[in-house]
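Reader: I would like to know what the labels used for this model rest on. Please take them one at a time.

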Amino acid sequence: MPELPEVETTRRGIEPYITGKQVRGVTVRQRALRWPVPDDLDTKLSGVRVSAVRRRGKYLLFDTPRGHLLLHLGMSGSLRIAGPADAVRKHDHVDIHLAGGRSLRFHDPRRFGCLLWIDSEPEAHPLLVELGPEPLSAAFDADYLFTRSRGRSAPVKQFIMDSHIVVGVGNIYANEALFAAKLAPTRKAGGISAERYAALVDEIKQVLGRAIEVGGTTLRDFVGGDGKPGYFQQALQVYGRGGEHCRVCSAVLKEIRLGQRSTVYCSRCQK
DNA sequence: AGTGCGGCCTGTCCGC
DNA sequence: TGCGGACAGGCCGCAC
């Protein structure tokens, strides 16, 4: 389940093999992803040179002079650089063939990911235009989050997982950041003080920043391997630990559903 | 406008 | 051992 750090790690892993390279063609084996892969993707990409690989939230953007490829890994997607001899595996849905013989290979068992083509400015695309700020940017601060939260009755966990508020805070890191900030995930977003939001913003930045660092240092070889970036094994404090004991106070961690998402917290530490 | 939920998928795990 | 069903989850799109 790629969270933002994993997407960023993927971006860094593939970038050296993509930037400045010319595309020779595209093979689509499975068109039915979250949205259908465009019929003319091969036409759009063949012959163009990719000038940059960028990230916006959990979306990857491949810039070319002709337009932009928008790619999302969904929750089971991964990218790797395949050599000409690398066997195609089950769920290898799309190959983007590069000059020199290698390919960027998109693998996604659950097919929640997508590949789309954007002719004009990516920032104006419907999927991107409404997105909130990047969590690691200066624009995401306590004032911003506090202001946006006023009048909101939704639980704070759902609030920070809303990509229109801030991008890239997935279920794992929402649970972890709330624990670190000692904030109960069930609290109404609109009733939380500016001070508490300052702590939360801090923890979101820390937890994501650390995971990117770890991803960066354990960056796996994207050539040949399974393309899955090293898992971010910063010890998880709460996620996946429902029913186990809190590492801080030893109370039994609660597991509930919030917006159909598994939510784990310590009712003694988090208020 | 904000909120809540259905739906898209398949691999994994559980109980019978 | 085999099988059915629940579950996991990002995020859009819809209904209220």
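Reader: What makes residues of the surface near DNA strand B nonpolar, polar or charged?

Author: The model is predicted, and the classes follow from residue type: Lys and Arg count as charged, Ala, Phe and Pro as nonpolar, and Gly as polar. The surface near DNA strand B has 4 nonpolar, 3 polar and 4 charged residues.

Reader: How do you know which residues surround DNA strand C?

Author: A residue is near a strand if its C-beta atom, placed from the backbone, lies within 6 Å of it. For DNA strand C, 14 residues surround it, and the closest are Lys 58, Arg 110, Gly 170, Asn 171 and Ser 262. By class, they divide into 4 nonpolar, 7 polar and 3 charged.

Reader: Why are β3 and β4 called a pair?

Author: Two strands pair if DSSP finds at least two bridges between them. Strand β3 (residues 59-64) and strand β4 (residues 67-72) have 6 bridges, in the antiparallel sense, so they count as paired. Phe 62 has Leu 69 in β4 as its bridge partner.

Reader: What makes β2 and β8 edge strands?

Author: The open sheet has 4 strands in the order β2-β3-β4-β8, with antiparallel pairing. Both β2 (52-56) and β8 (114-118) pair on one side only. On average, neighbouring strands of this sheet are turned by 25° against each other, direction ignored.

Reader: Which strands does helix α1 lie across?

Author: Helix α1 (residues 4-18) lies across β2 and β3, and runs at about 170° to β2.

Notes. Residues numbered from 1 in each chain as written. Chains lettered and ligands numbered in written order. Predicted model: local features only at pLDDT ≥ 70, side-chain atom pairs only at ≥ 80, totals over all residues. Helix = DSSP H or I, 4+ residues; strand = E, 2+ residues; numbered from the N terminus. Axes fitted to C-alpha atoms, helices over the stretch in contact; angles between N-to-C directions. Contact = placed C-beta atoms within 7 Å.
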